[in-house]
Amino acid sequence: SRSRLMKAKKEESLYPFYLFAITQLTSGFGSYMTAFATTVWVFEQTGSISQFSFNKFIVLLPGIVIAPFAGLVVDKCDRKTVMVIADFGAALTTLYILYKLHTSDNLEVWDIHLANVLNAVCNTFQWPAWQTTISQLVPKKKLGHANGILEVGDGLLQLACPAITGILMSVVGIYGIILFDLAVFAFAELVLIFCITVPPVQESEEGKKLKEEPMVGQLLFGFKYLFAHTGLLALLLVFSLSNMVTATIDVVIPPLIMQRATPQEFGLVASFAGLGVLLGSVYVALRGTPENKIMGMIPTLAVQGLLLVGAIAPAYPWVIALLGFFYLVFDPIISACSTSLWQSRVPQDIQGRVFSVRSVFGALPMPVATLITGPLSDHFLEPLFATDGPLEGTITGMVLGTGPGRGMCALLVFYGAFLIFISFVGYLFKPLRDLDLDPENQEQNLKSSKKQKKKKE
């Protein structure tokens, strides 16, 4: 009995997860710095919101195209091996940028675009492998706590990276930042390869049946699974629409800030907003996710919508920083609740395929939003809300304001109202509202409701 107790404690231990989280967050630190540096570089070189949004668009596109195949690979192969290969592929794209800088000192915008596309392909394999590995390392009852810890790490990245990168850009330039990225990548991969053992995948009945399916059926399984589970599909729809809002924010906010601030000040504003992610993450790590995760997500989405409506205020950097801070406080709660639901509701041995399709639908509106937002801001909204523009002196112009950046602010206000709307509709949809109820309790509730109907009849 003592040996069984020791074995149970070992299985419940989160030490392998902690080590795994450290390696991924360390590598993510370097990657985040490189991504931030190239974002600033593209905008400084072009000054165009359209170029900026196009860069975002091409990063999202590969994941949508190859995600089903990536999910199949993740389910059929060793997930740690998939992560290592994907990480090395991403490192090669960073080396490409370094090579261009070293040999010609003439880095072009299209070089950044090409590197970002190749990096996105690698991330399409890395993300489902990473998400499904967490399910193998962490017991179901501790998933909320584990995802909260990952959110803390992400919050630290968002807090520290922009400020550090903004300062280093003026000291060592993009060249030095890329070298640092490669150094932390090497450390993280050595730890992942030699120090972390991932438990075997737990087989499910659905997974066993799936092995008999032809290749086409296995590729399409993730789609079939989601359409057969209405609650999960509704959850995915809500978050794909909220991701569209996020994609718009990602395109609009940097140019909006940099109209009135230097890259260093932009970094400080982004870091202050990132402090909100850190605080929200610490809350989730300490308290865990709410017992009813859906009720933890839907109201917070509505609050985020209200904060976006706050963009009606003048777009001073400190105003954007405050709104961003409070907006991002809720992000870790929403993210940890959602991730824990997917990891606990989907069997381990089919998570790769389901999570990849989840990433397809989740990301589908994002390329459209990023591609449209730039031209919409440059050629329609900004001229519409310009000083002495068509809306000058009108009620809309007086309420939302006119001048540089007000067109982008109007877009944020619109999407804030949209977030409130989808939160309300999501709450009214019963399969989504009841998604986090225990399946056994759902079955008992269904039987009791049927008995009550029979008695009434």
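Modeller: Let's start with a term: a salt bridge is a side-chain nitrogen of Lys or Arg within 4 Å of a carboxyl oxygen of Asp or Glu. Lys 430 makes one with Asp 434, their closest N and O atoms being 2.4 Å apart.

Biologist: Okay! What kind of model is this?

Modeller: This is a predicted model, where local features need pLDDT of at least 70 and side-chain atom pairs count only at pLDDT 80 or more, while totals for chains, interfaces and linings use all residues. Residues are numbered from 1 along each chain as its sequence is written, and side-chain values use heavy atoms, with hydrogens and water left out.

Biologist: How many salt bridges are there in the whole structure?

Modeller: A search of the whole structure turns up 3. Asp 75 pairs with Arg 79 at 2.8 Å, N to O, and Arg 353 also meets Asp 75 at 2.8 Å, N to O. That links Asp 75, Arg 79 and Arg 353 in a network.

Biologist: Which parts does the pair of Arg 353 and Asp 75 tie together?

Modeller: Arg 353 sits in helix α15 (residues 351–363) and Asp 75 in helix α3 (residues 49–76), so the pair joins parts that are 278 residues apart in sequence. Helices here are DSSP runs of H or I with at least four residues, strands are runs of E with at least two, and both are numbered from the N terminus.

Biologist: Is Arg 79 buried or exposed?

Modeller: Buried, with a relative accessible area of 4%. Buried means under 20% relative accessible area, exposed over 50%, and partly exposed in between (1.4 Å probe, protein chains only). Asp 75 is buried too, at 15%, and Arg 353 has 7% and counts as buried.

Biologist: Zooming out, how many helices and strands does the protein have?

Modeller: There are 20 helices and 0 strands. Of the protein's 457 residues, 53% count as buried.

Biologist: What about the largest nonpolar core, which residues touch the most other members?

Modeller: Leu 235, Leu 256, Trp 342 and Val 354 do, out of 90 residues in that core. Helix α10 (residues 230–258) gives the largest share of this core, 15 residues. Another core, of 28 residues, lies apart from it and includes Leu 19 and Trp 130. A nonpolar core is a set of buried Ala, Val, Leu, Ile, Met, Phe, Trp, Tyr and Cys residues joined through side-chain atoms within 4.5 Å.

Biologist: Where is Cys 161?

Modeller: Cys 161 is in helix α6 (residues 143–171), and at 0% relative accessibility it is buried. Not counting residues up to four places away in sequence, Cys 161 touches Phe 29, Tyr 32, Met 33 and Leu 156, where contact means heavy atoms within 4.5 Å.

Biologist: And on the surface, which residues form a nonpolar patch?

Modeller: Met 295, Phe 421, Phe 424, Val 425, Tyr 427 and Leu 428, with about 590 Å² of accessible area together. Accessible areas come from the Shrake-Rupley method with a 1.4 Å probe, and for residues only the protein chains shown count as cover. Patches use residues with over 30% relative accessible area and no salt bridge: like charges are joined within 9 Å, nonpolar side chains (Val, Leu, Ile, Met, Phe, Trp, Tyr) within 5 Å.

Biologist: Which helix gives the largest share of the patch?

Modeller: Helix α18 (residues 406–428) does, with 5 residues. Val 425 is in helix α18, and this valine is partly exposed at 39%.
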